[in-house]
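User: I would like to learn how to read a protein model, step by step. Could you walk me through this one?

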Amino acid sequence: MTAGHPALCLASASPRRRALLASIGVQVTVKPCDIDEAPLGGESAKAYVLRLAKSKALAATPLTLLPTLGSDTAVVVDGRILGKPVDASEGADMLRLLSGRCHQVLTAVAITGPEGLLSCCVATQVTMRTIGEEEIAAYWLTGEPADKAGGYAIQGLASIFVKEVHGSHSAVVGLPLFETAQLLRKQGVPIWECP
């Protein structure tokens, strides 16, 4: 890979995914695609995030000659998929639902390239401490939860709410790096390697 030249197209405007890829030495060009993110009737959370990741990768593929990565993350509690909160009220309801209990974060990755469409889904268990009403209100005012699945950012201010993580921390942020690196290698995308 020549320095300064992207090796991958990222079908997402997420600065978190871009930063995670940069952390493993992958430079990207960004081509976000608008797709319908509404869950289908009877669709499981795993099927939902895999469908969205694949749809994003496939939608951006015609826009580039590079392998293309699509990803999606969902917070799941009691079988319910929590997307991004639409307003303060929904954001507060999500944090109340997550407060003092364990939930699952599912992140799917799909990459197009010479090997076709490769994908995986990673599940991580996150346990939150009890979150007070004042904290919930103050957290919304920071602006951080507005564009995050489940209404919180584990890599940001909400890290003080997280008691335990079992699984991939980077998947909760937005991209499971271990699994993503394996898919990238299969598609011929160079990543940082120890000499």
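Analyst: Gladly! Keep in mind that this is a predicted model. Let's begin with how strands line up: strand 1 (8-10) and strand 3 (residues 68-77) pair in the parallel sense over 2 bridges. In this pairing, Leu10 stands opposite Leu69 in strand 3.

User: Which strand pairs with strand 3 in the antiparallel sense over 9 bridges?

Analyst: That is strand 5, which covers residues 102-113. Leu69 has Ile111 as its bridge partner in strand 5, and Val75 stands opposite Val105. Strand 3 also pairs with strand 4 (residues 80-82), in the antiparallel sense over 3 bridges. There, Val75 stands opposite Leu82. The hairpin of strands 3 and 4 has 2 residues between the strands, and Asp78 takes a positive phi near 55 degrees in it.

User: How do I read the two sides of a strand, and which residues of strand 3 point each way?

Analyst: The general idea is that side chains in a regular strand alternate between the two faces of the sheet. In strand 3, Thr68, Gly70, Asp72, Ala74 and Val76 point one way, while Leu69, Ser71, Thr73, Val75 and Val77 point the other way. Both sets are buried, and the count for the strand is 10 of 10 residues.

User: How many residues of strand 5 are buried?

Analyst: For strand 5 the count is 9 of the 12 residues, so this strand is largely enclosed by the rest of the structure. Strand 5 also pairs with strand 6 (residues 116-128), in the antiparallel sense over 12 bridges. These two strands form a hairpin with 2 residues between them, and Leu106 has Ala123 as its bridge partner in strand 6.

User: Now a helix, please. Which residues are buried in helix 1?

Analyst: First, the general idea: an α-helix has 3.6 residues a turn, so residues three or four places apart point the same way. In helix 1 (residues 15-23), the buried residues are Arg16, Arg17, Leu20 and Leu21. Seen down the helix axis, they fall within an arc of 135 degrees, so they line one face of helix 1. Their packing partners include strand 2 (28-30), helix 5 (169-173) and helix 6 (177-186).

User: What caps the N-terminal end of helix 1?

Analyst: Ser14 does, with a side-chain oxygen 3.2 Å from the backbone nitrogen of Arg16. Just after helix 1, Gly25 takes a positive phi of about 80 degrees.

User: How many salt bridges does the structure hold, and which residues meet in them?

Analyst: There are 9 salt bridges. One of them joins the side chains of Asp93 and Arg96 (2.8 Å, N to O). Those residues are 3 apart in helix 3 (residues 88-98), so about one helical turn separates them. The side chains of Glu133 and Arg96 also meet in a salt bridge (2.8 Å, N to O). That pair links distant parts of the chain, with Glu133 in helix 4 and Arg96 in helix 3, 37 residues apart.

User: Is Glu144 buried or exposed?

Analyst: Glu144 is buried, yet has no salt bridge. Lys148, the nearest side chain of opposite charge, is 6.1 Å away. Glu144 is found in the loop between helix 4 (133-141) and strand 7 (162-166). Leaving aside neighbours within four places in sequence, the contacts of Glu144 include Tyr139, Ala153 and Leu157. As for Lys148, a network of salt bridges links this residue with Arg16 and Asp147.

Key:
Residues numbered from 1 in each chain as written. Predicted model: local features only at pLDDT ≥ 70, side-chain atom pairs only at ≥ 80, totals over all residues. Heavy atoms only, no water. Buried < 20%, exposed > 50% of the residue type's maximum accessible area, 1.4 Å probe, protein only. Helix = DSSP H or I, 4+ residues; strand = E, 2+ residues; numbered from the N terminus. Pairing = 2+ DSSP bridges. Arc of directions from axis to C-beta. Contact = heavy atoms within 4.5 Å. Polar contact = N/O pair within 3.5 Å; in protein donor to acceptor, adjacent residues only side chain to side chain. Lys, Arg positive; Asp, Glu negative; His and termini not counted. Salt bridge = Lys/Arg side-chain N within 4 Å of Asp/Glu carboxyl O.
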